[in-house]
Amino acid sequence: MSTPEAREQGPDARPAVLVVDDKENMLKLFARILGDAYAVTTAPDGARALALLSTRAFDVVVTDIQMPGADGFAVLREVKRSSPDTEVVLVTAYASVPKAVEAIKEGAYDYLSKPFDPDEVALVVARALERQRQRKDAAGLQARASRMPDFHGLLGTSPALRKTHALLAQVAARELTVVLTGETGTGKELAARALHRESPRRDRPFVAVNCGALPADLVESELFGHAKGAFTGATGAKAGLFEEAHGGTLFLDEVGDLPLPVQVKLNRALQEREVRRVGTTTPVTVDVRVVAATHRDLAAEVAQGRFREDLYYRLDGVTVRMPSLRERREDIPLLAMHFLSIARRPELEGFTPEALQVLTAAPWPGNVRQLQNAVARAVAMAAGPRITPEDLPPESGPLRPAATPVALPTEALAKRPYREAVDQVRDAVSRDYLTALMQEFSGNVTHAAERAGMERESLHRLLKRYGVRTEDFKRGE
C-alpha cells in the first residue's frame, strides 16, 4: 500500500488517486485494486485527507461517506473548492445510496455501493479520469475557437477545409467562372464571398441571388432587367442583377433551378458579355464575374435534359466542392464553441463532454447551418452553466448516435493491454444491452429493471454511465 511519504520519494507519471476510509482493510483493498495502474495515496480519515488536499493535487479522490469527524461530504466540498478538475467517487453502504445521489448533485462523479466488485472499482476510476480529460479538452475549446483560422467566414482547421481554402485562394485572382458544389448548408455563399474578397474585384459590388427562390415569370426580369411597360406592373425601367454587379461578382445560387428558357439567355449573356432588358432589343455591356452554386449534379441534370449542355460547359471553368460537416468532424466542437461565443448568453461556460460527443457523432444532413441552429436552440434552452445533451433540439433525434452491433476485432484487441481490451468489450456490450432494454420497454426504467434483475437505482446509474437516455425511447412523445 502506498503512503503519502512513499509518494513523495520520487516523481510518478501515473494518475494520482487519493483513497479515504477509516477502515484499514478497505484502504488495503483499494490499494491492491488500483495500485498497478495508479499512484495511490491513502488517508485514514477525512481530516488527514483535507490536509493532503491542501498541499497536493490529485486526479481522482475515492472517499467513504460515513467517517468520524470530517466525512465524505466535507472532502467533496474541499475538492470542489480547491481543485474543481479533480473527480470524486463516493463509497457507501446500500442504505446510504440517497446520500450518494445527493453528493452527485453537489459535484461528485459517481458512487460505489458496498459490497463492490474490484472490476467495478477499476472501471469507475478509469471513467472518472476519462471524464476529467474530456472536461479539460472542453475547457480548451474556447481558446482554440478564438484562434480558429477564419477564411472570410469559412471556419475550421480540418484538412478537408484547409484544402478548400487553398483552392479558393488559388482561383480567386483568375477571371474564371467558378461552380461551387456540395450539400445544402456547407457554406457555398460564404465561399463565393471569399472568392470575391480575394479577387481584384473586391472593391466592386458583390450581388447574390437564389435562382430557386425567384418566381418563374420574374427570373428573366430580375437577372437582366426590364423596360417600362414590358409587362403588367412594369411601371418604370429597372436594371437587372447583371447590371447591378457590373465590375464585380454575381453569385447565382442554385443555378440548377433556372428554367430552360432563362438558361439560354444566361448562356448568351456569359458569351457576349452583354444583356438585353425584357421589352427592349438594346444590348447593355456588362463586366461581371459569375460564381454559380448548386447542390445538384449538373452533369446528371444535363443527361436528364433539365440543364443545357452549352451552359454547363460555359459555367464549368473551375469546380470547387464544399466538404460536408461529416467529412470534417474535427471542426464540430470548435464550430459549436464559436456559435456559442456569438450568442447572447455570456453566463454559459460551454458544453458538457457528453454534449460535445453527441454533436461530433451526429450525421448533420443540414451541415454547418443545422449545427448553428442546434446550438442556438440549446443556448436558449440551457438552464445550467453548460449545455448538456438534454438541451439539444428534441426534434433532432437523428443527431444522436444510433446503437451499433457489438463487433469484437479480436486481432486488434489482442494487441492491447488485457484490462483495456476487456473494458472496451464490456463497455460496448453494456451500452448495446441497455439500449436494447430501453427499446423493449419504451424507456420504462421500472419494468426494464425487473427484466434486468436489478434495483431501479442501479439501472439508473448504469444508464447514466453509458449515456443511454430513457427519453429517447419513450413512445408517443
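**Figure 1. The loop around P115.** P115 sits in the loop that runs between β5 (110-114) and α6 (118-146). Here helices (H or I, at least four residues) and strands (E, at least two) are DSSP runs, numbered from the N terminus. The peptide bond joining K114 and P115 is cis, with omega at about -10 degrees. A word on the source: this is a predicted model, in which local features need pLDDT of at least 70 and side-chain atom pairs count only at pLDDT 80 or more, while totals for chains, interfaces and linings use all residues. Residues are numbered from 1 along each chain as its sequence is written, and side-chain values use heavy atoms, with hydrogens and water left out.

**Figure 2. The chain as a whole, for orientation.** The chain holds 20 helices and 18 strands. Of its 477 residues, 46% count as buried, where buried means under 20% relative accessible area, exposed means over 50%, and partly exposed is in between (1.4 Å probe, protein chains only). Taking the contacts with a separation of 6 or more, 68% come from residues 24 or more positions apart; a contact means heavy atoms within 4.5 Å.

**Figure 3. Two residues with positive phi.** Look for H152 in the loop between β6 (150-151) and β7 (154-155). Its phi is near 55 degrees, a positive value in a residue other than glycine. H152 is partly exposed, at a relative accessible area of 25%. W364 also has a positive phi, about 50 degrees, although it is not a glycine. You will find W364 in the loop between α15 and α16, and with 0% relative accessibility W364 counts as buried.

**Figure 4. The largest nonpolar core.** A nonpolar core is a set of buried Ala, Val, Leu, Ile, Met, Phe, Trp, Tyr and Cys residues joined through side-chain atoms within 4.5 Å. The largest one has 29 residues, and L223, F242, L252 and L315 touch the most other members. Elements giving two or more residues to this core include β9 (206-210), β12 (249-253), α11 (260-272) and α13 (309-315). The largest share, 4 residues, comes from α11. Which residues does L252 contact, leaving aside its neighbours within four places in sequence? They are V209, C211, L223, L266, V290, V291, A292 and A293. A second, separate core of 25 residues includes M337, A362, W364 and L392. In soluble globular proteins, nonpolar side chains tend to be buried together.

**Figure 5. Helix α14 against helix α16.** Helix α14 (residues 332-341) and helix α16 (residues 367-381) pack at an angle of about 50 degrees, their axes 9 Å apart. Axes are lines fitted to C-alpha atoms, for helices over the stretch in contact, and angles run from 0 to 180 degrees between N-to-C directions. α14 and α16 are therefore oblique to each other; angles under 35 degrees count as roughly parallel, over 145 as roughly antiparallel, 65 to 115 as roughly perpendicular and the rest as oblique. The contact is made by I332, L335, A336, F339 and L340 of α14 with V368, L371, Q372, V375 and V379 of α16. These residues divide into 9 nonpolar, 1 polar and no charged. Ala, Val, Leu, Ile, Met, Phe, Trp, Tyr, Cys and Pro count as nonpolar, Asp, Glu, Lys and Arg as charged, and the others, Gly among them, as polar.

**Figure 6. Helix α14 against helix α15.** α14 and helix α15 (residues 353-361) pack at an angle of about 115 degrees, with their axes 9 Å apart. On the α14 side, I332, P333 and A336 meet L356, L359 and T360 in α15. The residues of this contact divide into 5 nonpolar, 1 polar and no charged.
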